[in-house]
Amino acid sequence: MKHIIDTLHHFFVPRHSNNFNAKLLHHDFLTIYLILAILFGAGIKHIRQNSNILGYATDVTIEKLYELTNSERSKNHLNTLNYNEELAQAAREKAADMFAKDYWAHYGPTGETPWQFILGSGYQYEYAGENLAKNFVFSDGVVNAWLESTTHRENLLRKEYTDVGFAVVNGVLNGEETTLVVQIFAKPLYAKDTVAQAPQSAEPETVVKIPATQVLAYDDSPTNNSFFATYLNINVVFFAVLMIALILDFYFAMKLNLIRVRGKNLIHFMFITFVAIGTLIIIRGSIT
Amino acid sequence: MKLLIKHIKIEVKKHAFDYLLFFTAGVVFLTGLNVFRGERLLEFIILLSFVSFYIIWGIYHHIIEDSLHMKIVLEYILIGFAILFLIKVLIFP
């Protein structure tokens, strides 16, 4: 136990054994952080190029989006939406159109409307709506952003809708690798009263399979659904350890009146805090 | 904790302008990220600008304080770029 405490002191607190600088803030350790960060980035790029383990579709999945959408509707005492393959096809077509014509909006540059994709998929609708999002890292971020926007929220919680379809598609938009999320809601023109017409026979219930993610032909790499969550957790731990070391080093240096040749811990701390808050913004992406 | 806050107050009061300048840059950085949310290239440029500002701030501050040393410059560069490369993975996943 004494050995562990001694080691922790050596790493976090300035004293004679670490030349009165917390060991975690020594140049050799800072160099290791930099090398590891570079290796992480290069390694991920290398793995992505040479195998199909990682895609750049982040952690957004149709399964999770569908689950979260219905969960929000349930919280608001609304009907659960059925996953509809025709609407999913419409969503994929819409995403493909946005990549092909390089736009990110509900209406295309040459007059394309969301409705034509729905009708094109063979779905005759009475009510329909569309939500878009791009470059989010997590599914809950997408749904939360939609819920925070009045118009998207109204769309997501509209009581008339009965069906939903999603597409999470990777491609290049305006020269940038982009992950687009298209969510299409609708109610069929001739809606069947499923409760009234439910078969009384002993036929098994039809289970609609929800694909984990939809990927178009120009990016056939599947996504790793836990990678970014793990990576983000590693970053959080790293930031936290570095900040604790900075604070302790600052505190004891002041207390012991140490005069040292080193940067300002307070500014390092502020810098890491701003970047940490910025990371939360970066992983949120944007909606339209 | 009281002692820590007291030390922080002393340090900030001693270099009020420098810290205010950095704080303003930090707010501009966060605002920029929020405005250009979802635009990966712009997000990266904003992050790179903030990292560069942090390193320049370090050099400027230690020149003013007459304590500039190569080891200090290296410290700012190492921390700045380590964080830049870590966050780059999240911007360009």
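How many of the 13 residues of α1(B) are buried? Hold that thought for a moment.

First, the ground rules. This is a predicted model: local features need pLDDT of at least 70, side-chain atom pairs count only at pLDDT 80 or more, and totals for chains, interfaces and linings use all residues. Residues are numbered from 1 along each chain as its sequence is written, while chains are lettered from A and ligands numbered from 1 in the order in which they are written.

Back to α1(B). The count of buried residues is 0, so this helix is hardly covered (buried means 20 or more other C-beta atoms within 10 Å of a residue's own, with C-beta atoms placed from the backbone). Helices here are DSSP runs of H or I, at least four residues, and strands are runs of E, at least two, numbered from the N terminus. From first C-alpha to last, α1(B) reaches 18 Å, close to the 18 Å expected at 1.5 Å a residue (that is 1.5 Å times one less than the number of residues).

Now the interface. In chain B, 41 residues are in contact with 44 residues of chain A (contact means C-beta atoms, placed from the backbone, within 7 Å). α1, α2, α3 and α4 of chain B each supply at least two residues of that side. The largest share, 17 residues, comes from α4(B).

Over to chain A. Strand β2(A), residues 125-134, is mostly covered, with 8 of its 10 residues buried. It runs antiparallel to β4(A), joined by 9 bridges (pairing needs at least two DSSP bridges). There, A:Tyr125 has A:Pro188 as its bridge partner. β2(A) also runs antiparallel to β5(A), through 2 bridges. A:Ala133 stands opposite A:Ile287 in β5(A).

Terms used. Contact = placed C-beta atoms within 7 Å. Buried ≥ 20, exposed ≤ 12 C-beta atoms within 10 Å, placed from the backbone.
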